[in-house]
Amino acid sequence: QHYPPDPSTTAAIMSAIAGHAAQAAEVLVLSGTAGSASAGRPEIVEVRNWMPGKAALSKRALAELLFTVRMFFALLAKLRRGDVALTVPAPFMLPYAFAAAARLKGAKSALIMHDLYPDVLIMAGLLKPQSMLAKMMRAMNAWMFGALDAVVIIGRDTEKLLLRYGGMTRDKIRFGDMARHPKTGQPFTAMVYQPMLELLAYLRANGFKTYIVSGGGIDFMRP
């Protein structure tokens with residue numbers, strides 16, 4: 001869904017991965033960003049995408065569902081046996097489509113995990129842990145993790161959450177702790193503002209519940 005000229009961190013990371021992989025293998029990028037199509041290396045094919053504003057929640061949910069369906073059929077058309085399909089959970093339904101299409105086409109699939117649903121929705125207070133939707137998402141996750149060949153995580157806190165799912169095993173988990181931001185060249189784990197971390201820790205230690213409100217993306221933002 002996010003690829004240059006989209007200005008998000010996810011777009012920059014996926015572009016860097018595609019460019020690096022294209023030096024050693026044939027790479028095809030399926031992009032949901034208008035204006036990204038290219039016939040060079042890597043080859044980029046645009047998949048039609050409608051992006052309502054974040055405030056229009058119902059329209060945005062419908063748009064992301066339609067985009068996921070379009071990507072599924074695009075994958076069925078483009079994937080070949082032995083290929084590797086790589087994605088991120090943006091939108092969160094996309095990994096399900098990738099895992100299903102790869103399984104049907106005899107390809108391998110990998111997920112770069114920066115948000116785990118429904119956990120992030122529960123932590124944000126938007127979903128109750130025992131709600132029907134949360135249970136459905138966990139059931140879908142169990143199937144997806146069983147179908148995926150690898151899950152790349154940036155921090156090690158995610159590992160214990162993933163291993164709660166029956167379809168996930170330690171041999172599928174890859175750690176990207178040393179992944180570097182394509183613009184700064186710094187490891188993601190080092191790109192922190194220490195005074196803010198200390199303030200958050202102090203507030204929590206004294207009984208406060210802390211929130212982060214930002215005008216930026218949530219791709220790699222963590223309290």
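**Core contacts and aromatic pairs**

Reader: Which residues is Met-168 in contact with, leaving aside its neighbours within four places in sequence?

Author: Beyond those neighbours, Met-168 is in contact (heavy atoms within 4.5 Å) with Phe-145, Val-151, Leu-162, Leu-163 and Ile-173. This is a predicted model, in which local features need pLDDT of at least 70 and side-chain atom pairs count only at pLDDT 80 or more, while totals for chains, interfaces and linings use all residues. Residues are numbered from 1 along each chain as its sequence is written, and side-chain values use heavy atoms, with hydrogens and water left out.

Reader: How many aromatic pairs does a search of the whole structure find, and why is the pair of Phe-72 and Phe-73 called edge-to-face?

Author: The search finds three aromatic pairs. Ring centres must lie within 6.5 Å for Phe, Tyr or Trp (its six-membered ring) to pair, and planes under 30 degrees apart count as stacked, over 60 as edge-to-face and the rest as tilted. The centres of Phe-72 and Phe-73 are 5.4 Å apart and their planes stand at 75°, so this pair is edge-to-face.

Reader: What makes the pair of Phe-92 and Tyr-117 tilted?

Author: Their centres are 5.0 Å apart and their planes at 35°, so the pair is tilted. It links distant parts of the chain, with Phe-92 and Tyr-117 25 residues apart.

Reader: How do you know whether Tyr-117 is buried or exposed?

Author: Buried means under 20% relative accessible area, exposed over 50% and partly exposed in between (1.4 Å probe, protein chains only). Tyr-117 has a relative accessible area of 17%, so Tyr-117 is buried, whereas Phe-92, at 27%, counts as partly exposed.

Notes:
Helix = DSSP H or I, 4+ residues; strand = E, 2+ residues; numbered from the N terminus.
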